[in-house]
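Take a look at this predicted model. The report below covers its aromatic rings and its sheet.

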Amino acid sequence: MKQRTKILLLYLFCSIVWVVGSDLVLLAFDQEVIPLFQGMKGIVFVLASSIFIYLLISKTEKLQELEEEKEKIETLINSMVDFVNFKDGEGRWIQTNDYGLKLYQLENVDYRGKKDSELAAYSKASREPLLYCEHTDNLTWERGETTRTEEVFPMEDGTKKTFDTIKTPIYDENGKRKGLVVIGRDITERKKAEKRLAESELRYKALFDHNPELVYRIDLHGNIVDLNDKFMQVTGYKQEDALGKSILTYVQPDDHERLRWKLEQVKLTRRAHQCNQVRINHRYGDRVIVNCASVPIIIDNELVGITGYATNITKY
């Protein structure tokens, strides 16, 4: 509105100067040529006004187009489930989406033109995340390239959320800082899932490594993928020497067909199967007999391997 007022006042000023000034100039001419110059003056004024109006309409159309584009961008970023923030080269907030304002608890704050450290004063809960965000902004500018960090935000209910935050710096043709685009995606549930998976893997590893029986994992071709320490005690061979070899390598030939059939049943039925009294090829020729239980390994409804448990029954 201020810009329009300035343009209107400028037009009025120029018009008055032209009308009054040209009349004063015409007083110095002969009375016979004044009508001619009066007509030319009117034509020039009309042409100048037409050009002014054309430029004003063009500018108005461009402003309208920019306003429409701005509305589209606002609609787009406000429909996103991610936090989106645009900053200038000094780190001052230019625009953010509704999700970002709610995340930082700045819904009723005039954030435009303020830095993170300034906005920290408006939200006690988000003070530390905002200060940390300004720190990572500076790291992005120093590196001069897109960076990716994980940032933790406290929520009003006392919980915390983790965001995978990507920051992209923008420079002008002279290499001067122009802006910074920040996009953060909530990965809280993914982090929890990763933690649960890690804990589950640790429990499985402990059960695998410290099991009193020989435990092994084989792929769908029957090749050994992993073994626990009991393997050497039962077979006399080192664990590292067995990895990648067929499980049948350590079974006496007469029992190959029977064990192979049991493994095929596990793959077909996706159920555990038992194969008793399997004779082992011991490294030093000792007599060793085991009962084998084969259990399918199913991940995302896909059979990816088999876990085997071998109980040494030789002494019985």
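## Aromatic pairs

Across the whole structure, a search turns up ten aromatic pairs. One of them joins Phe83 and Tyr104. Their ring centres are 5.3 Å apart and their planes meet at 70°, so this pair is edge-to-face; the cut-off for that label is over 60 degrees. Phe83 sits in strand E1 (residues 83–88), while Tyr104 belongs to helix H3 (residues 98–104). The pair therefore ties together parts that are 21 residues apart in sequence. Both Phe83 and Tyr104 are buried.

Tyr204 and Phe208 give a tilted pair, because their planes are at 40°, with centres 5.9 Å apart. These two residues are four apart in helix H6, so about one helical turn separates them. Tyr204 is partly exposed, at 35% relative accessible area. Phe208 counts as buried, at 3%.

## An aromatic cluster

Some rings group together. Phe83 and Tyr104 belong to one aromatic cluster, along with Trp93, Tyr99, Tyr111, Phe153 and Phe163.

## The sheet and its helices

Five strands make an open, antiparallel sheet, in the order E7-E6-E10-E9-E8. From one strand to the next, the twist averages 25°. E8 and strand E9 (residues 289–299) are joined by five bridges. In E9, Ile289 is the bridge partner of Arg279.

Helix H9 (residues 256–269) packs on this sheet and touches E6, E8, E9 and E10. The direction of H9 makes about 165° with that of E8. Helix H6 (residues 188–209) lies across strand E6 (214–218), E7 and strand E10 (302–312). H6 runs at about 125° to E6.

Terms used. Residues numbered from 1 in each chain as written. Predicted model: local features only at pLDDT ≥ 70, side-chain atom pairs only at ≥ 80, totals over all residues. Heavy atoms only, no water. Pairing = 2+ DSSP bridges. Axes fitted to C-alpha atoms, helices over the stretch in contact; angles between N-to-C directions. Contact = heavy atoms within 4.5 Å. Phe/Tyr/Trp six-rings, centres within 6.5 Å; stacked < 30°, edge-to-face > 60°. Buried < 20%, exposed > 50% of the residue type's maximum accessible area, 1.4 Å probe, protein only.
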